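Please read it beside the sequence and the coordinates.

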Amino acid sequence: MHGVMDAANRAVTLVRQLLVRQCPDGRIHDVQDDPRFQDRGIDLLWEQPGQPVLGVEVKGDRQGYRRGNYFFELLSNAEKDTPGCFLYSQADLFVYVFVDVGHVHVMQLKSVREWFLPRAQNYPLKSTKTRTGKIFYTTVGAIVPVREVLLAVPHAIETHQLARQPALA
């Protein structure tokens with residue numbers, strides 16, 4: 001579980017850096033621990049002067065970049081049949097962070113999800129097991145090549161290379 005949490009924390013750190021760089025006068029609110037936003041699949045709120053507040057879902061991936069794939073989470077907890085964040089998130093932006101290389105992909109979630117859903121059956125599913133204390137749960141996601149998404153919905157994705165983040169001890 002520590003590896004998963006470390007990746008998530010590093011991903012949020014990178015996203016915060018990117019958002020500050022894009023809008024130095026903006027404000028970022030971390031709502032990861034707020035149940036009102038957990039239920040909506042939103043990790044951060046991003047305020048920019050004169051703009052609507054945007055909800056941001058952050059996904060940290062430790063291995064996907066070298067494989068060239070996104071892992072679009074379809075089931076968060078298969079044992080409890082809990083939908084994955086890619087399906088239920090109400091965020092405006094889905095920010096996918098390849099933490100091992102500091103590569104950040106900012107996606108307009110609605111556009112990417114609308115493209116993906118009719119094609120979901122074309123992509124293989126992969127499951128991962130995560131342990132929290134004594135309990136294990138299974139997460140299931142679609143393995144989707146980054147290149148295909150970038151080609152299909154280029155208007156909905158921005159990519160950024162940030163400095164690599166060292167692993168947290």
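Which residue takes a positive phi in the hairpin of β6 and β7? In that hairpin, which has four residues between the strands, glycine 102 takes a positive phi near 70 degrees.

This is a predicted model, in which local features need pLDDT of at least 70 and side-chain atom pairs count only at pLDDT 80 or more, while totals for chains, interfaces and linings use all residues. Residues are numbered from 1 along each chain as its sequence is written, and side-chain values use heavy atoms, with hydrogens and water left out.

**Overall form**

The protein chain has six helices and ten strands, where helices (H or I, at least four residues) and strands (E, at least two) are DSSP runs numbered from the N terminus. Its radius of gyration, taken over C-alpha atoms, is 15 Å, close to the 15 Å that the globule rule gives for 169 residues, so the chain is as compact as a globular protein of that length; the rule itself is 2.2 Å times the number of residues to the power 0.38. Buried residues make up 45% of the 169 residues, with buried meaning under 20% relative accessible area, exposed over 50%, and partly exposed in between (1.4 Å probe, protein chains only). Among contacts (heavy atoms within 4.5 Å) between residues at least 6 apart in sequence, 62% join residues at least 24 apart.

Two strands count as paired if DSSP finds at least two bridges between them. β6 runs parallel to β3, to which six bridges join it, and valine 58 stands opposite valine 95 in β6. With β7 (residues 103-108), β6 pairs in the antiparallel sense over six bridges, and there tyrosine 96 stands opposite histidine 105.

Lysine 59 is found in β3 (residues 54-61). This lysine is buried yet has no salt bridge, the nearest side chain of opposite charge being glutamate 73, 5.0 Å away; here Lys and Arg count as positive and Asp and Glu as negative, while His and the chain ends are not counted. Not counting residues up to four places away in sequence, lysine 59 touches Ala11, Phe71, Phe94, Val95, Tyr96 and Val97.

**The four-stranded sheet**

An open sheet has the order β5-β4-β9-β8, with antiparallel pairing. β5 (82-83) and β8 (125-132) stand at the edges, each with a single partner strand, so one side of each is left without a neighbour in the sheet. Eight bridges join β8 to β9 (residues 135-145), and the bridge partner of lysine 126 in β9 is glycine 141.

**Salt bridges**

A search of the whole structure finds two salt bridges, each defined as a side-chain nitrogen of Lys or Arg within 4 Å of a carboxyl oxygen of Asp or Glu.

| Salt bridge | N to O distance |
|---|---|
| Arginine 36 and aspartate 34 | 2.5 Å |
| Glutamate 79 and lysine 129 | 4.0 Å |

Glutamate 79 lies in the loop between β4 (69-77) and β5 and lysine 129 in strand β8, so the pair ties together parts that are 50 residues apart in sequence. Glutamate 79 is partly exposed at 48% relative accessibility, and lysine 129 is exposed at 60%. In the other pair, arginine 36 counts as exposed at 56% relative accessibility, whereas aspartate 34 counts as buried at 18%.
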